[in-house]
Amino acid sequence: MEKWVNDWHTRYWKLKKSIENNSLNENLYEELAKECGALLETWMEMEDKLDDIKELKAQTNFDSHSFALPKNLEGPTYFHLEMFEKAIDTLKTEIETEKPHELTLYLYLGFSYLYEGEIDRGKEAFLFVVQTSVNRLEKHFAYVGLGCLYGRTHQYEDAIHYFEKANSLYNNIDVPYNIGMAFVMLQKYELAIPYFEQTIKANDEDGEARYFLGHCYLKLGNETKAFESWYAALQLLEYKDLLVTIAYEFENFGYYSAAIHCYKRLEALGFQEPWVYHGIAWNYGLLDEKELAISMFEKLLAENEKETNIWISYLWLSSKWNDIEHFETLVKKAKKENIDHPLIDKILS
């Protein structure tokens, strides 16, 4: 290749000199132009092939989160089956017999101890890897393990220290999220935001990161950005507790339609239970969508006539609708069902 390039340049200078002497060598010009075009086509073909390799690497996760371990090792298998106690016993033996893979097995051992709550032993395993490994990936996960370990014991500043070390060695999108969470636990919301944004940039379908990003903005008083983030999150989240929390927050700030979206998302995820429909009916009531609310509350009470919380919500809303006839009818029905609660007494007083 180098020889061809030198030869091409030699002929180029020869061609240039011929032009300066008013005796253009047309054949040489065509020859160089033809070679240049062929090289360009070859370069483009090589570029396409490299792009194919790049895509294949991404699909197969070729260089990430993977350690080359013999398939017959049982310790890692028990670990992936979440049988951590059995994994610990097996890994201890395999560390002695599988010296070429000793440090990777120590990582499995450290995480097994971590998940079993044996913090000191987990720390010992991770520190051993940090101090002896020259492999960046092994060191990365040892620091991740130490970060998780300190996070679990609520030592969040130490957790951030180790997660940052992990982050400097290897691109693992779980790490920025963990740093963000540690800053949330320290109530340093402004410092957490860039890490959640980094997580979302790498995976824009990370509903949890979007939820906590919104949480940070809300804590900093930026409701607009908080609710923007939560609107995006509720389309992605599949965790009941986070969706319910967002619904409560929306409701608390008077965004009743958004709260209804949260409950409908829960319904779509399979949570077709009375508390979900209660949430929808309640927020319809707060929106003053009286007919929709009444229809849902009547259906709920037909199937859950003794559910006090539903009665409390329905009676309270009815008392605010300036519909005395409806309210009195509802009170009679509640008394007939012997529904009794201090909040109902307060509504009726």
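**Reading the pockets**

Modeller: The largest pocket holds about 410 Å³ of space. This is a predicted model: local features need pLDDT of at least 70, side-chain atom pairs count only at pLDDT 80 or more, and totals for chains, interfaces and linings use all residues. Residues are numbered from 1 along each chain as its sequence is written, and side-chain values use heavy atoms, without hydrogens and water.

Colleague: What is a pocket?

Modeller: On a 1 Å grid over the protein atoms alone, a pocket is an open set of points where a 1.4 Å probe fits, with protein on both sides within 12 Å along at least five of seven lines. Lining residues have an atom within 4 Å of a point. Points are joined across faces, edges and corners, and the volume is the space filled by probe spheres set on them. Here, 16 residues line the largest pocket. Phe79, Phe111, Tyr115, Phe141 and Val144 lie nearest its centre.

Colleague: Which helix gives the most to that lining?

Modeller: Helices are DSSP runs (H or I, at least four residues), numbered from the N terminus. α5 gives the most, 5 residues. α3 (74-80), α5 (102-115), α7 (136-152) and α9 (174-185) each supply at least two.

Colleague: How do the lining residues divide by class?

Modeller: Ala, Val, Leu, Ile, Met, Phe, Trp, Tyr, Cys and Pro count as nonpolar, Asp, Glu, Lys and Arg as charged, and the others as polar. The largest pocket has 10 nonpolar, 5 polar and 1 charged.

Colleague: How much space lies in the second largest pocket?

Modeller: About 320 Å³. Its lining has 14 residues, with Cys148, Gly151, Phe163, Asn178 and Met181 closest to its centre. α9 gives the largest share, 5 residues.
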